[in-house]
Amino acid sequence: MPKKQSTTGGPIARRAVGVALAAGFLTLAVAAPQPALALTAEPTATPAKTATATAPGTATTATTATATTVPSPVGTWSVTTQESDHPASTGTLFFYADHTLRLEAHPGPDGKPVFIGTGAWQSGYGGTLHYAFTHPLPGTRTGTAYVALDGALTSPTAFSARGLTKRVYDDGGTETVTIVMTGTKTA
């Protein structure tokens, strides 16, 4: 017995029409797969295609959305840091392409940073940013600060983050304070 051919199109079109009819709609939009997240210096736009079933056995393609890649934090940033128990301070944060970072902060009287911190960073979906670093604690009570921040790139040239600094002093004491950091890209 010969197999009966469908008059409503291929299996995908039949499925889309069946779902549309079952849901009581005459159209169904199916989003195209999104490209992998890419880090770029500037955002770029890629049109996303959708297939729309307009009637049994027909389908049209239309551009309905734009997918944007996430801006990269790689570069030099002027940062302002506010820890809960200190006045605001300024510094320079370098995000490197190998996912390491360097913080030069608290300029001294000679203009050179009082301390230098090193660490690592990673970015996530939608411009989220996580980074952590350590730096020496200068002053009369010396030790090491362990800093972890979560934030987001608010534009290709700005970010805002908050987190915690755990201070471990050479005399055995510890304390944890909140930290807020904002940055503006300079290079």
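**Reading strands, a core and a pocket**

Biologist: Where is Trp121 found?

Modeller: Trp121 sits in strand E9, which spans residues 113–123. Helices (H or I, at least four residues) and strands (E, at least two) are DSSP runs, numbered from the N terminus. This is a predicted model, in which local features need pLDDT of at least 70 and side-chain atom pairs count only at pLDDT 80 or more, while totals for chains, interfaces and linings use all residues. Residues are numbered from 1 along each chain as its sequence is written, and side-chain values use heavy atoms, leaving out hydrogens and water.

Biologist: Is Trp121 buried or exposed?

Modeller: Buried means under 20% relative accessible area, exposed over 50%, and partly exposed in between (1.4 Å probe, protein chains only). Trp121 counts as buried because its relative accessibility is 4%. Across the chain of 187 residues, 29% count as buried.

Biologist: Which backbone oxygen lies 3.4 Å from a polar atom of the Trp121 side chain?

Modeller: That oxygen belongs to Thr100. A polar contact pairs N or O atoms within 3.5 Å; within protein, one must be able to donate a hydrogen and the other to accept it, and residues adjacent in sequence count only if both atoms are side-chain atoms. Elsewhere, the side chain of Ser72 reaches the backbone nitrogen of Val74 at 3.1 Å. Ser72 lies in the loop between strand E5 (70–71) and strand E6 (75–83).

Biologist: How many residues does the largest nonpolar core have?

Modeller: A nonpolar core joins buried Ala, Val, Leu, Ile, Met, Phe, Trp, Tyr and Cys residues through side-chain atoms within 4.5 Å. The largest one here has 22 residues, and those with the most contacts inside it include Phe95 and Tyr131. Among the elements giving two or more residues to this core are E6, strand E7 (89–95) and E9.

Biologist: What does Phe95 touch?

Modeller: Contact means heavy atoms within 4.5 Å. Not counting residues up to four places away in sequence, the partners of Phe95 include Val74, Thr100, Trp121 and Tyr131. The C-alpha atoms of Trp121 and Tyr131 are separated by 4.1 Å, although these residues are ten apart along the chain.

Biologist: Which residues lie nearest the centre of the largest pocket?

Modeller: On a 1 Å grid over the protein atoms alone, a pocket is an open set of points where a 1.4 Å probe fits, with protein on both sides within 12 Å along at least five of seven lines; lining residues have an atom within 4 Å of a point. Here, Glu83, His86, His106, Leu137 and Arg167 lie nearest the centre, out of 26 lining residues. E6 supplies the largest share of that lining, four residues.
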